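Visitor: Hi, can you walk me through this one? I'd like to start with a helix.

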Amino acid sequence: MEQKRLEAFDYEIVRSDRKTLSIEVHHQKVKVRAPKKAPEDWIESFVYQKAKWIARKLVEQAKRDESRLKLIDGQVIHYLGQDRVISVISGPNRITLSNNSLIIQNKELTDESLSKQLDRWLLTQAKAILPSKVEALAEHMGLQRKLSGIRFRKTKTQWGHCTRQGVVQLNQLILLTPMFVIDYLIIHELSHLKHLNHSKRFWSLVQKYCPDYQRAELWLKQHGHSVWY
Ligand SMILES: [Zn+2]
């Protein structure tokens, strides 16, 4: 019998109070969740069975990481509907925006410090720019009475969120998506003020105010990961 050699990868086993095995692939790391006393060979054969799926996920994620936004000289960042070239220079923390450039002046010049600095800057920009846009759209949709607040937060997975209390929360990273996507994301969250689900009624409300919402959804699916840094 011929045995095919599979691409090798390391995996971490996390044991807990559970009955079944499961595999997660995140940030190019493979994690197997297993019951406390699961024998090694059971785990191993499970991983072997799933090896193709794991390998595919790892390749997908590697590609995704490659297309992530890198905060380095010469990289193009799309901000508020326009492409700008990033310049990173040493100096007291300060970000300067012009028509075609975004100059990040940073004391430490480490990846972490640069990304924190851009997070903070985008948050300030979002707070200054987006509330009036959200309020105007809410009024246009006749939902201004239901809107009780607007908040900004960079969460790991969400572009936006709407609470039962009528607070619309947006991720400041939406400023790095095209304008039609920003409009869509706001209309999406505002539509939740009326329908707290993704029902047919919800989508027809979205469509009423954002007729090409499917183009925005597609953009997010295809390019959404490229605005993360
Ligand atoms: Zn939603």
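Visitor: Which exposed residues sit on the face of α6 turned away from its buried side?
Guide: Q214 and K221. Exposed means over 50% relative accessible area, buried under 20%, and partly exposed in between (1.4 Å probe, protein chains only). Helices here are DSSP runs of H or I with at least four residues, strands are E runs with at least two, and both are numbered from the N terminus.

Visitor: And which residues of α6 are buried?
Guide: Helix α6 covers residues 213–223, and its buried residues are Y213, A216, W219 and L220.

Visitor: Why are they on the same side of α6?
Guide: Because they cover an arc of only 115° around the axis. That arc is taken from the directions from the helix axis to the C-beta atoms. An α-helix has 3.6 residues a turn, so residues three or four places apart point the same way.

Visitor: What do the buried residues pack against?
Guide: Against α4 (179–191) and α5 (200–209).

Visitor: Where do these coordinates come from?
Guide: This is a predicted model: local features need pLDDT of at least 70, side-chain atom pairs count only at pLDDT 80 or more, and totals for chains, interfaces and linings use all residues. Residues are numbered from 1 along each chain as its sequence is written, and side-chain values use heavy atoms, leaving out hydrogens and water.

Visitor: New topic. What order do the strands take in the sheet?
Guide: The order is β1-β3-β2, in an open sheet of three strands with mixed pairing. Two strands pair if DSSP finds at least two bridges between them.

Visitor: Which ones are at the edges?
Guide: β1 (11–16) and β2 (22–26), each pairing on one side only.

Visitor: How many bridges join β2 to β3?
Guide: Five, and the two strands run antiparallel. E24 stands opposite K31 in β3.

Conventions: Contact means heavy atoms within 4.5 Å.
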